[in-house]
Amino acid sequence: MFRPSPSLQVRHPDLIMDIFVQQLVNSLSVASVTILIGIGITLIFGLAGIVNFAHGEFLMVGGMATWFMVGTGMNFFVALVLAGLLVGALGFAAERCLFRFTLNRPMNGFIMSIGLSVILQHAVIRVFNEFQKSITDPVGLVWTIGGVDIIAMRAIVVAITAVIVAITYFGISRSRYGMALRASVSDRDTAELMGIPVRRYVTGVFIYGSLLAGIGGALMISLFPITPFTGSVIIIRGFAVSLIGGLGNVGGAVVGGLVLGLVDGLSAGYGYPEWTDAYSLVVMILILVLRPQGLLGGTLGPKAS
Amino acid sequence: MRQLGLGLAVVAAGLAMALQTARADEELPIGVIAAQSGSFVSAGNTIVGAANLAAQQINDAGGIKVGDKTYKIKLYIRDNRTDVNVTIAAARELVNDIGVKAIWGTETHDFSVSMAKITGPAKVLQFSGNSSLGAVLDDKAVAEDGWLHYTFQSEPQEWQRSGSTAKGVLSLLTPQLKSPPKHSVVFVGNDATGQYLSSHYVKALEAEGQKVDLVQYPPDTTDFSPLLTRIKGMKPDIVHFWYNGDSTLTAFPQALKLGVAPSYFLFGVDPGIYQERSLKADVPVTMSCVPVCWGSSPYPEVKQYFDKYFGLGAAKGPQSSVSLLYYDYFFWYAKALEKVGKIDDPDAVVAELLKSDYKGVVSPVPLVFNKHHQVTFATEVCMVEPNTSDKFKCAVEQPPAAPPPGDNGG
């Protein structure tokens, strides 16, 4: 096997601190999109009890829809909202037509979602084509502060993610809806006897998680090109984030995303670059061995009844 | 009775005419195995596009005259779903059930090698556009009793392509930089193809006097900023984005924003795509196609080819030029069949291909197979003027005569 050159390390000492700070900034932006995907998965997996492997394709559809709308001349931020609503509607259709029939058999839902992911990939290829899609950077600015480059659109993505995290966190932990939802996860039968419309809540969580995937796809295409197969790559990280943090735990998804982002950024900068993915997955395995409930604790995920 | 006799005569005449028509339009079954779904679809679809165009042109021109018969090509196209097991199943079906005479495809080394283990024993010719086949096409493998006797590599050997590309990149970039470039970083995906291809390209750059660092990234990476920041710290004169056009198109805009290097080379990115995406850089950027570019070709016959190729509905993508690794060989194969005068003598066809040449679209120099069943042609490299998306200057540097020091040529 051809080995990397031994001179891979930074050879200019004056750059060392700038490069280190740049890697920390990179880690934050790497984490932000992952957190958004992780929150959607952690809600649907941890609270609604549905293992939706097509969640990555929902994100991809959001990105493709954004590409199409921006291509017609629409403002990116308007397209972002519409992409979220479109994928939310897709989530509603998927939950009503498919996943609601598998609530008592999560494994059926899991297999069904794999089929759905392949169907969505090929539907997008059929409607558009197989090639990568990209849009022009909606902001197009780079701020240089003390030798560190901060790409403006990445900063906006971090800010949007922070707002969504805050809304979701307070919605789940403080609102009546959130409390009822958590009660129905703890004991579905008792929650139903108390008059909580559990099925409707599951649908609501699925729609909200899908909406986040749509927004995540729109934000992703503002940073990177996407292909019909982008979702199947990103989904692994989404599940890793939700499991590291603790299923159903929004704060956990944030911590999980930051951990993976930091490991990615620093390992790419200072480790063997070709092993970047392996480092973060090793961290995930270690955390799950040492804290099976995730860093911040969560639900046990879907249960067959 | 007379009426019955007349009727029988009419039926007999009709049958004779039908037989005559059938004889005039005999079918030559040819297989195509390519990824029409899965992760290699953008390369796979170009094989299908090239095959459809070539078959249509040959058939419209009257078909292939072999002995006293005329054959029309009938394509049997199979989607391998970017899966080696599906590829093997498709090859078995085409060879054993349909009885194709030759197969075009596939797009990756290990798939092509798996196919060759089926086409070889059945004496079915195989044309595969993988430079990495050079690792297995040796004297023993291509001998008459060898397992690759019927396999042809329709892309140049990697040291030739790497040498042609390195010379083209440096000849275009050197006049644009304040001082001659000395330090190159090759940035490549860490998969089997990336490892194989980059090993030759690094040697080619070193042969041109470059000090080279190799940085590999995990396949399917989307956020390249941490890796690019690392490269920026190495202060390169040129960053060469090697091998995977899609990954390059993801990484390159990130590199521009981070100001990673004073110049870049993008392998497998067509000027047409650069223009379509309105990419702009304030530093010189070169790019190369596999093998010639549809977005800015110096050859009129290449332009005509792509007009017809896209005219059949093929999408314009970064890898559309890959279709030219497959197109010419339909005509060359047809010419060999006509010369041999039989379609059921694959050994004679192989011998004819090895002693003949063919002036195709892919190269102004006639194509010739060497003793290891490999062709040679140059790779086109183009440079876009800084701050523009559509002003290109292109160069075609012929491959070196021999592998560079340290490159075993495999």
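Let's start inside chain B. Here 21 residues of domain 1 are in contact with 22 residues of domain 2. Contact means that C-beta atoms, placed from the backbone, lie within 7 Å. On the domain 1 side, helix H4 (109-119) and helix H11 (300-311) of chain B each supply at least two residues. By class, that side has 10 nonpolar, 9 polar and 2 charged residues. Nonpolar covers Ala, Val, Leu, Ile, Met, Phe, Trp, Tyr, Cys and Pro; charged is Asp, Glu, Lys and Arg; polar is the others, including Gly.

A word on the model. It is predicted: local features need pLDDT of at least 70, side-chain atom pairs count only at pLDDT 80 or more, and totals for chains, interfaces and linings use all residues. Residues are numbered from 1 along each chain as its sequence is written, with chains lettered from A and ligands numbered from 1 in the order in which they are written.

Now the domains. Domain 1 of chain B is 2-156 + 299-368, and domain 2 is 158-296 + 378-397. The bounds come from an automatic or database domain assignment. Their centres, taken over C-alpha atoms, are 33 Å apart.

Next, the core. The largest nonpolar core has 125 residues. Such a core joins buried Ala, Val, Leu, Ile, Met, Phe, Trp, Tyr and Cys residues through C-beta atoms within 7 Å. Buried means 20 or more other C-beta atoms within 10 Å of the residue's own. Phe187(B), Val239(B), Phe241(B) and Tyr264(B) have the most contacts inside this core. Helix H12 (327-340) of chain B gives the most to it, 9 residues. Why does this core lie between the two domains of chain B? Because both domains give residues to it. Val239(B) touches, among others, Val185(B), Ile231(B) and Ala255(B), leaving aside residues up to four places away in sequence.

On to strand S11 (285-288) of chain B. Strands are DSSP E runs of at least two residues, helices H or I runs of at least four, numbered from the N terminus. Val285(B) and Met287(B) point one way, Thr286(B) and Ser288(B) the other, and all are buried. S11(B) runs parallel to strand S10 (264-267) of chain B, with 4 bridges. There, Leu266(B) partners Met287(B). S11(B) also has 4 bridges to strand S14 (379-384) of chain B, running antiparallel. In that pairing, Met287(B) partners Cys382(B). Pairing takes at least two DSSP bridges.

Last, the chain contact. It takes 37 residues from chain B and 39 from chain A. On the chain B side, S8(B) gives the largest share, 6 residues. That side divides into 12 nonpolar, 17 polar and 8 charged.

Key
Two residues are in contact if their C-beta atoms, placed from the backbone, lie within 7 Å. A residue is buried if 20 or more other C-beta atoms lie within 10 Å of its own, exposed if 12 or fewer, and partly exposed in between; C-beta atoms are placed from the backbone.
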